[in-house]
Amino acid sequence: MLSKIKSFALNGLEGVPVEVETDINKGMVAYDLVGLPDTAVKESKERVRSAIKNSALQFPVNKITINLAPADIKKEGSHYDLPLAISILKASGQLAAETDNIIFLGELALDGSLRPVAGILPVMISAKTKGYTRFIIPAANANEASYIEGTEVYALNSLRDTVDFLTGEKRFAPVALKSFRAAQSRQSYNYDMSLVRGQKVAKRAIEIAVAGGHNILLAGPPGTGKTMLARCIPTIMPDMTFEEALEVTKIHSVSGELSEDGIVSLRPFRTPHHTATTVSLCGGGTNKIRAGEISKAHKGVLFLDELPEYTRSALESLRQPLEDKVITVTRAGGAITFPADFILCASMNPCPCGNYGSAYLTCTCTPAQIQRYRSKISGPLLDRIDLQVEVDGVKYDDLVSTEREEPSAAVKERVERARAIQRERFQGEDMKVNANMGEKQIKKYCQLSPECEGILRNAFQTLHLSARARSRIIKVARTIADLAFSENILPGHILEAASYRSYEASAI
Amino acid sequence: MYTDDERDLITLAYLDGLSYHAKHAMLSRLESSKPDFDKYESILIKTLPYGVYNKMRAQYYDADFRKEIFAGLERRGITCVTYFSEGYPESLKEIDTPPIVLFCKGDISLLKTRCFSIVGSRRTPPKTVADCKKISGEIATRFTVVTGIAEGADTAALEGALSKGKAISVLAYGFDYAYPSVNAQLITRAANEGLIISEYPPETQPKAFYFPVRNRIIAGLSEGTLVVSAAKRSGALITADIAADCNRDVFAFPHSVGLTAGEGCNSLIKKGAYLAENILDIFGVYGLDFNTPQKKPLTDDERELYEAVCAAGEAFLPDLAEKLGKQIWQLIPVISSLEIKNLVVRLGGNRYSAVK
């Protein structure tokens, strides 16, 4: 007898329908699984056999042939266990229910219970667009599946439950639709701007960076709270919309990194260690192409602590995604595009010993050493970091002061207003924030008065700025003007923007 | 284009196996241009590594060797000024063991102008760098500024001088090399807009012990030497010592107590060097006057902040904001504007100091 069960394969973030066909014939006892299964799928044989047996059902003692169609794409992951088991049961005549329009996903334990799998959300989104609306998934994945409208999802605990549900012996309620707002209000950030003492200049720079979507470099002595400041960046970014949250959740779901809530409602903050490889940052892998850290930081913040310690190739690989906001990972097996729209926040010491510019400690580095340290970061990468700001050494008085610092919520309000101005400005353009402006948009939206032009010219001469700093300064000035509700860029805005270039022109 | 005397000296300068003391002795303390190989043979053959003396001697008399030297100089665009040349600066003849040849790139007439040298440490603090740059520009209105090419004080002096006048940079190695490599562009600029000189043939690699030796040329060329920064043991102090030995004036920036990069300067002042706080302290010694240029007009905000920075000496921007009762974002454009007008200098870590 022949049976056909529907499941899905994942290709990057895209789901592809897969049909599990099982045929049981008389003959030598055998179990043949074809259709490019990977090791995890091949091993499913043993799990499926035990799960069926331990669910008070019979594993057929015949020649079993299973085909995963289409036969030309690779099938990876453990979520084929459930469709395989159901398919075998149907083919052996133990299950006679209608399964045509149901998508099965789930890994089996030996006792027949269902284990959670990665990638439920992207599969459901793809399946829905292809017209499938009924799903049977492991109970532990219920939360993740509960945010998609117009679907009928049954989150079940075991193979036995699944069989009973299909035959109608037991009834289960479909997963209830959950509201995204509720999830959002449940989660909150562990950091807040009000917890950072002092650092007024750096806080201002961060506000500008978030308002205009600019990347930012924090330079300062060790132990001055650079990491703490960086962790505050998500707290002043506008709340994620549901569409953004789904996009982010898709990536985290595929990587199997979802929390209990099943949806990522807070902006991600990723801190890959400086030993991270290019592949771990950008995505890739030998068998399955996985999303890298830059994609996991999508719509959030990628924080690179101790920037010069990263390998050159890892840093250079960031250049293209910083520009395009997506990364296409190409391997022999095909190319997959992951989104990678993040704010890059990098931190570094001002010099190898860390004390350059400190008021209390003496720097012991020679200018050549400092130069060498800083030259580890290439010009093209620096070009994409619009704000470079110095973090002050912390004084003891700062730490114990009782002065009230501004909370993130207040900063966030200003940021949201500035973003609204930008949304209006870029209507009809494929960009949302000032940082994404190209030369053409700069010409169009950032007209400089002769006075501003004069200031900029002077700044270049006296501060030894490189020519490519120009568009960077203008873009930042545009954001500062937006924060001040100013239609035109005023001299003050240009001057402030010119001051956030500590990296390039500190006096050596 | 070169006289025979000059050719002999240039060839001798190329013999890298002989120390400059040996060369001086062989030239009978620069009485003659012909090295006396025979007279010192017995000593040199024993003191030099085996075979070096004979090789040097053979090279000196080798016509091909000479031909190659002059072809190489021409190819590189190097002019040589020897001890016996007309262009050789008289002031340099007053020092101990003056260089027998100066390899030059640039405007060699500068060697005959009034020179004043500025030296200092590579680890000069940012504030002193800014002060050095400023005073160097002012000195360059009347003198040719002489300095080295290292980072820190030398670079600041050179940049300051070239922006307002002329400068000579004295290298401690051959022109084929650029050390420190970050200053490669500056070396080219110094050669194009001023003059670079060295007593070493172009193929000579930089070596640590060439630098103190080179300092005698900096001191010797100049009427006075200004030490802008120096730790207790610093090459800049060697230059100052040589200058004092040759009866040249020594000036030093005063520094605050406890600053490592200022200890050498303060000890010079204790020993009797002129304390140079501004350009008038220097020009006064030479009977020169200096018209302070018109102050750039400042807005009220700028004046208020500038005065606060001056009062504080070394000012932390958030502290200034508190003192003036302003928000930090109101002050950032103003301090930036003062920086662009060269009135304050950024010390790092959001601290600023006024440039006087």
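1. Chain B contains an open sheet of three strands in the order E10-E12-E11, with antiparallel pairing. Strands here are DSSP runs of E with at least two residues, helices are runs of H or I with at least four, and both are numbered from the N terminus; two strands pair if DSSP finds at least two bridges between them. The edges are formed by strand E10 (314-316) and strand E11 (344-348) of chain B, each pairing on one side only. On average, neighbouring strands of this sheet are turned by 35° against each other, direction ignored.

2. The model is predicted: local features need pLDDT of at least 70 and side-chain atom pairs count only at pLDDT 80 or more, while totals for chains, interfaces and linings use all residues. Residues are numbered from 1 along each chain as its sequence is written, with chains lettered from A and ligands numbered from 1 in the order in which they are written.

3. Within the sheet, E10(B) is joined by three bridges to the antiparallel strand E12 (residues 351-354) of chain B. Glu314(B) stands opposite Ser353(B) in E12(B).

4. Two helices are placed against these strands. Helix H7 (residues 126-139) of chain B packs on the sheet, touching E11 and E12 of chain B, and its direction makes about 150° with that of E11(B). Helix H15 (residues 317-324) of chain B lies across E10 and E12 of chain B, at about 80° to E10(B). Axes are lines fitted to C-alpha atoms, for helices over the stretch in contact, and angles run from 0 to 180 degrees between N-to-C directions.

5. Helix H16 (residues 328-340) of chain B is largely enclosed by the rest of the structure, because eleven of its 13 residues are buried. Among them are Trp329(B), Pro333(B) and Glu339(B). A residue is buried if 20 or more other C-beta atoms lie within 10 Å of its own, the C-beta atoms being placed from the backbone. H16(B) is followed by Asn342(B), whose phi is positive, near 65°.

6. The two chains meet through 30 residues of chain B and 29 residues of chain A, where contact requires C-beta atoms, placed from the backbone, within 7 Å. On the side of chain B that touches chain A, H16(B) gives the most, with eight residues. By class, that side of chain B has 17 nonpolar, eight polar and five charged residues. Ala, Val, Leu, Ile, Met, Phe, Trp, Tyr, Cys and Pro count as nonpolar, Asp, Glu, Lys and Arg as charged, and the others, Gly among them, as polar.

Key: Buried ≥ 20, exposed ≤ 12 C-beta atoms within 10 Å, placed from the backbone.
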